[in-house]
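Subject: Structure for your review

Dear colleague,

Please find below the sequence and the structure that I am handing over to you. My findings follow directly after them.

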Amino acid sequence: MVDVSAQSETVREAIARATVTMTPATLRAVRRGNAPKGDVFGVARAAGILAAKRTPDLIPLCHPLRITGVDVTFADDVRRGLLTIEARVRTVDKTGVEMEALTAASVAALTVYDMVKALEKGVTIARIQLMRKSGGKSGTWRRRT
């Protein structure tokens with residue numbers, strides 16, 4: 001584990017995304033709340049938030065952080081059957097929250113799969129990626145789109 005004791009506590013934020021592709025019919029069922037397991041967005045949001053908080057339990061060398069905020073949001077394109085999940089994690093601490101944001105987006109996507117697999121087994125989770133991070137001595141980084 002990297003020693004961060006000499007680092008300054010700064011406001012840090014990271015945003016990660018995951019995409020989930022399914023048939024338009026499956027995504028329509030998700031939007032209507034008609035998935036067999038219930039409210040896909042609500043359960044996936046809660047799963048992502050909990051995952052961000054448990055990241056050091058899942059990723060061996062991650063530091064436990066004082067997370068001050070986690071938001072998990074969804075955007076969809078029903079015509080293409082595309083669901084985009086965005087996780088934003090914030091802290092005031094000595095190291096960044098990139099892994100927490102990536103974990104939140106990943107677990108939210110896995111939860112979507114779990115909740116719709118009775119409707120469709122061929123759902124694809126892809127493009128789990130860091131979009132932006134800010135804070136710390138390295139400053140702000142943005143993915144070029």
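In this predicted model, the largest nonpolar core has 32 residues. Those with the most contacts inside the core are Val-20, Met-22, Val-30, Val-40, Leu-83, Ile-85 and Val-112. Two or more residues are given to this core by each of β1, α1 (24-32), α2 (40-53), β2, β3 and α4. Helix α4 supplies the largest share, nine residues. As general background, nonpolar side chains in soluble globular proteins tend to be buried together.

Apart from neighbours within four places in sequence, Ile-85 is in contact with Ala-16, Arg-17, Ala-18 and Val-20, with Val-72, Thr-73 and Phe-74, and with Ala-105, Ala-108, Ala-109 and Val-112.

Ile-49, a residue of helix α2, may also be of interest to you. The C-alpha atoms of Ile-49 and Ala-87 are separated by 8.4 Å, while the two residues are 38 apart along the chain.

Turning to the overall fold, the chain has four helices and five strands, which follow the pattern β-α-α-α-β-β-α-β-β along the sequence. The radius of gyration is 16 Å, close to the 15 Å that the globule rule gives for 145 residues, so the chain is as compact as a globular protein of that length. Along the principal axes, the C-alpha atoms fill a box of roughly 50 × 30 × 20 Å. Of the 145 residues, 43% are buried. The accessible surface comes to about 7900 Å², and carbon and sulfur atoms account for 53% of that surface. Among contacts between residues at least 6 apart in sequence, 73% join residues at least 24 apart.

The five strands form an open sheet in the order β2-β3-β1-β4-β5, with antiparallel pairing. Its edge strands are β2 (67-77) and β5 (141-142), each of which pairs on one side only. Helix α4 (residues 98-116) packs on this sheet and touches β1, β2, β3 (82-93) and β4. The direction of α4 makes about 25° with that of β1.

The strand pairs may be described in turn:

- β2 and β3 are antiparallel and pair over 10 bridges. The bridge partner of Asp-77 in β3 is Leu-82. These two strands form a hairpin with four residues between them, and Gly-81 in the turn has a positive phi of about 70°.
- β1 (residues 10-21) and β4 (residues 124-134) pair in the antiparallel sense over eight bridges. Ile-15 has Arg-132 as its bridge partner in β4, and Ala-14 stands opposite Lys-133 in that strand.
- β4 and β5 run antiparallel and are joined by two bridges. Lys-133 stands opposite Trp-141 in β5. This pair forms a hairpin with six residues between the strands, and Gly-135 in the turn has a positive phi of about 100°.

Yours sincerely

How values were computed:
Residues numbered from 1 in each chain as written. Predicted model: local features only at pLDDT ≥ 70, side-chain atom pairs only at ≥ 80, totals over all residues. Heavy atoms only, no water. Pairing = 2+ DSSP bridges. Contact = heavy atoms within 4.5 Å. Axes fitted to C-alpha atoms, helices over the stretch in contact; angles between N-to-C directions. Rg over C-alpha atoms; globule rule 2.2 N^0.38 Å. Buried < 20%, exposed > 50% of the residue type's maximum accessible area, 1.4 Å probe, protein only. Areas by Shrake-Rupley, 256 points an atom, 1.4 Å probe, with all protein chains shown as cover. Core = buried A, V, L, I, M, F, W, Y, C linked by side-chain atoms within 4.5 Å.
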